[in-house]
Amino acid sequence: MEKGSHEFVIENYSRGKGMSVGECIESAHFMVGGHKWVIISYPRGKSEIAHKEGYTSVYICLESNIRSPLQISLEFSILDQSWRGNHLVFPFRYPYLKSPLLRVSFRGSISGFRKFIKWSSLESSDYVKDDCLKISCTVEIFTARIENLSLANVWSGFSRISERKERAGVFFKVKGESIAVQKSKLAASSPAFRSLLSDAHSQEEIVIPDMEPTVFKVFLLRPTLYDVPMIAFA
């Protein structure tokens, strides 16, 4: 897990009163997990709906190119400048998802609050001092570590636990590819797999989401490098 925070200091905050819907103020770029990010504030709302209801909007935007999607968690805070520590904390999650993890798939992806906080509650409060507002953003990036193994080593090792389909006993479906593995050898490779493949968890096919077939074969060889409970059953 990589974690980092950035404090976005918005000076001359009162100028936001004259801004239109969709007009924004951007923070300086900052780095978390080797990726470049920027905070974007919309003092009078990013959308007409937010504006009409009196809300500001705030988002974080990925400014780096990525080869594969990122899993992140996100939290915004409005800092109390009275030194009493009464910060307003806003952990972000989609309303219809139980997990706080968000998926960032490409450069330019934004995540945040269309309805962040009403501007009327900020003005004449301890959160705006000397015409300055401070917003903190904390980003956590969850990664899986993969050893530098050559493809030849991957296939050689995988062949030791893979069997012909009629003898496999357990099947994994990874991005449409069916991978057959001998159940006894797989269970012997890790206590986590032993529990997963017990009779109580018996499944005809196990679906592995968001993973390339070659990477999954590395996963089978090095199960302790990964979070096995992330596997989902079909």
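**Reading the model**

Biologist: Let's start with one arginine: what is the relative accessible area of Arg93?

Modeller: Under 20% relative accessible area is called buried, over 50% exposed and in between partly exposed, with a 1.4 Å probe and protein chains only. Arg93 falls in the partly exposed class, and its relative accessible area is 44%.

Biologist: Before we go on, what pLDDT do local features need here?

Modeller: Residues are numbered from 1 along each chain as its sequence is written, and side-chain values use heavy atoms, with hydrogens and water left out. This is a predicted model: totals for chains, interfaces and linings use all residues, side-chain atom pairs count only at pLDDT 80 or more, and local features need pLDDT of at least 70.

Biologist: And where does Arg93 lie?

Modeller: Helices (H or I, at least four residues) and strands (E, at least two) are DSSP runs, numbered from the N terminus. Arg93 and Phe113 are 20 residues apart in sequence, with 9.6 Å between their C-alpha atoms. As for its place, Arg93 lies in the loop between E7 and strand E8 (102–104).

Biologist: Zooming out, how many helices and strands are there in the chain?

Modeller: The chain has 234 residues, and 43% of them are buried. Contact means heavy atoms within 4.5 Å; of the contacts with a separation of 6 or more, 67% come from residues 24 or more positions apart. The count of elements in the chain is seven helices and 15 strands.

Biologist: Which residues have the most contacts inside the largest nonpolar core?

Modeller: In soluble globular proteins, nonpolar side chains tend to be buried together. A nonpolar core here is a set of buried Ala, Val, Leu, Ile, Met, Phe, Trp, Tyr and Cys residues joined through side-chain atoms within 4.5 Å. The largest one has 34 residues, and those with the most contacts inside it are Trp37, Phe76, Phe116, Leu133 and Val139.

Biologist: Which residues does Val139 touch, leaving out those up to four places away in sequence?

Modeller: Val139 is one of the residues with the most contacts inside the largest core. Its partners on that count are Glu2, Lys3, Gly4, Val32, Trp37, Ile60, Ile72, Ser73 and Leu74.

Biologist: Is His35 buried or exposed?

Modeller: His35 lies in strand E4 (residues 35–42). Not counting residues up to four places away in sequence, it touches Phe30, Leu62, Ser64, Ile66, Leu70 and Ile141. At 16% relative accessibility, His35 counts as buried.

Biologist: Which residue forms a salt bridge with Asp126?

Modeller: A salt bridge is a side-chain nitrogen of Lys or Arg within 4 Å of a carboxyl oxygen of Asp or Glu, and the whole structure has two. For Asp126, the closest N and O atoms of the pair are 2.3 Å apart. Its partner is Arg84.

Biologist: How far apart in sequence are the parts tied together by Glu53 and Lys115?

Modeller: The side chains of Glu53 and Lys115 meet in a salt bridge at 2.8 Å, N to O. Glu53 lies in the loop between helix H1 (48–52) and E5, and Lys115 in the loop between strand E9 (110–113) and helix H2 (119–122), so the parts they tie together are apart by 62 residues.

Biologist: Last one: what is the phi of Trp83?

Modeller: Trp83 is found in the loop between E6 and E7 and is exposed at 79% relative accessible area. Although it is not a glycine, Trp83 has a positive phi of about 70 degrees.
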